[in-house]
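Subject: Structure handover

Hi,

Here is the structure I promised to pass on. Please have it open while you read; my notes follow below.

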Amino acid sequence: MKIISVANQKGGVGKTTTAVNLATALAAVQKKVLLIDFDPQGNASTGVGVYEKNEKKGSYEVLCGLVSLQSAVIKTRIPCLDLLIASPDLAGAEVELVSQPKREYFLKSVLASCERDYDYIFIDCPPTLGLLTLNAFVASSSVLIPLQCEFYALDGLSRLIKTIQYVQSYLNPDLTLEGIVMTMYDKRSSLSDQVAQDARKHFGALVFQSVIPRNTRISESPSFGHPVLIYDVKSAGSLAYMRLAGEVLNRHGVIQ
């Protein structure tokens with residue numbers, strides 16, 4: 001089982017979109033996937049068509065030990081894709097957990113109970129580097145970073161890398177950097193090319209070859225409660241996420 005945190009402390013970089021669509025793409029090739037909405041905004045939940053979050057137990061209740069993971073996970077309309085929603089109380093979890101011993105290990109302990117249930121678990125992290133994100137990193141095999149092809153894109157990335165290195169040194173020595181995926185790429189813009197070149201210069205093979213374009217269908221799909229792969233399977237955005245899923249599987253030795 002691979003547990004992948006999708007993280008960037010900057011908002012609006014395509015983090016949730018990447019988590020939702022990569023999870024969907026792997027489910028489409030018959031991988032058993034769990035998507036954990038760990039962002040209090042709950043956009044990953046609505047991105048797969050789950051709106052009535054106030055009536056369901058979710059990641060907050062599971063993290064605090066109020067319910068089991070198995071009882072909180074729900075089936076989505078997408079075959080092979082399960083979801084743990086972000087309940088509204090998740091926003092207060094960092095304050096409630098800060099005084100608890102082993103507070104960074106709560107999610108890791110929870111996910112140990114489903115080790116044989118899934119091929120992949122994707123955690124949509126909040127756009128901060130607080131206790132929730134630390135829990136996600138400690139529980140994860142790797143971290144996937146969406147990086148938008150815009151000015152100042154690389155600014156702040158060093159802080160995220162340092163957080164990953166801190167977790168590797170003190171909390172989870174097995175954590176790796178899954179890679180960096182360039183998002184919001186505009187082929188008409190020389191700036192997009194420059195940012196992509198700079199990222200590849202700094203991070204080399206860690207940057208995925210697949211680039212996610214700035215695409216209207218990607219932007220529209222969440223309002224309909226669908227990943228773009230369901231909303232418009234032939235769109236440029238959908239094809240890009242399918243290529244990205246292929247790269248992820250290749251890196252894990254699943255396909256050659």
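The hairpin of β3 and β4 has 5 residues between its strands, and Cys80 there takes a positive phi near 75°. This is a predicted model: local features need pLDDT of at least 70, side-chain atom pairs count only at pLDDT 80 or more, and totals for chains, interfaces and linings use all residues. Residues are numbered from 1 along each chain as its sequence is written, and side-chain values use heavy atoms, with hydrogens and water left out.

Strands around β4

Strand β3 (residues 74–75) pairs with β4 in the antiparallel sense, over 2 bridges. Lys75 stands opposite Asp82. Strand β2 (residues 33–37) runs parallel to β4 and is joined to it by 4 bridges. Leu35 has Leu83 as its bridge partner. Strands (E, at least two residues) and helices (H or I, at least four) are DSSP runs, numbered from the N terminus. Two strands pair if DSSP finds at least two bridges between them.

Strand β4 (residues 81–84) is covered on both faces. Leu81 and Leu83 are buried on one side, Asp82 and Leu84 on the other. Buried means under 20% relative accessible area, exposed over 50%, and partly exposed in between (1.4 Å probe, protein chains only). In a regular strand, side chains alternate between the two faces of the sheet.

Cores and α7

The largest nonpolar core has 50 residues. Leu111, Ile121, Ile123, Phe137 and Ile145 have the most contacts inside it. Helix α7 (residues 131–139) gives the largest share of this core, 7 residues. Another core lies apart from it, with 34 residues, including Leu81, Phe122, Leu244 and Leu249. A nonpolar core is a set of buried Ala, Val, Leu, Ile, Met, Phe, Trp, Tyr and Cys residues joined through side-chain atoms within 4.5 Å.

How many residues of α7 are buried? The count is 9 of the 9, so α7 is largely enclosed by the rest of the structure. Among them are Thr133 and Asn135. Phe137 is in contact with residues including Ser5, Leu160, Val167 and Leu175, leaving aside neighbours within four places in sequence. Contact means heavy atoms within 4.5 Å.

Lys15

Is Lys15 buried or exposed? Lys15 counts as buried, because its relative accessibility is 7%. Lys15 lies in helix α1 (residues 15–28). Its side chain reaches the backbone oxygen of Cys125 at 2.6 Å. The Lys15 side chain also makes a polar contact with the side chain of Thr16 (3.3 Å). A polar contact is a pair of N or O atoms within 3.5 Å; within protein, one must be able to donate a hydrogen and the other to accept it, and residues adjacent in sequence count only if both atoms are side-chain atoms. Lys15 touches Asp39 and Asp124, among others.

Rings

The whole structure holds 3 aromatic pairs. One of them, Tyr166 and Tyr170, is tilted: 5.0 Å centre to centre, 40° between the planes. Both lie in helix α8 (residues 157–170), 4 residues apart. Phe224 and Tyr231 form a stacked pair, 5.0 Å centre to centre and 25° between the planes. Rings of Phe, Tyr and Trp (its six-membered ring) pair if their centres lie within 6.5 Å; planes under 30 degrees apart count as stacked, over 60 as edge-to-face, the rest as tilted.

Best wishes
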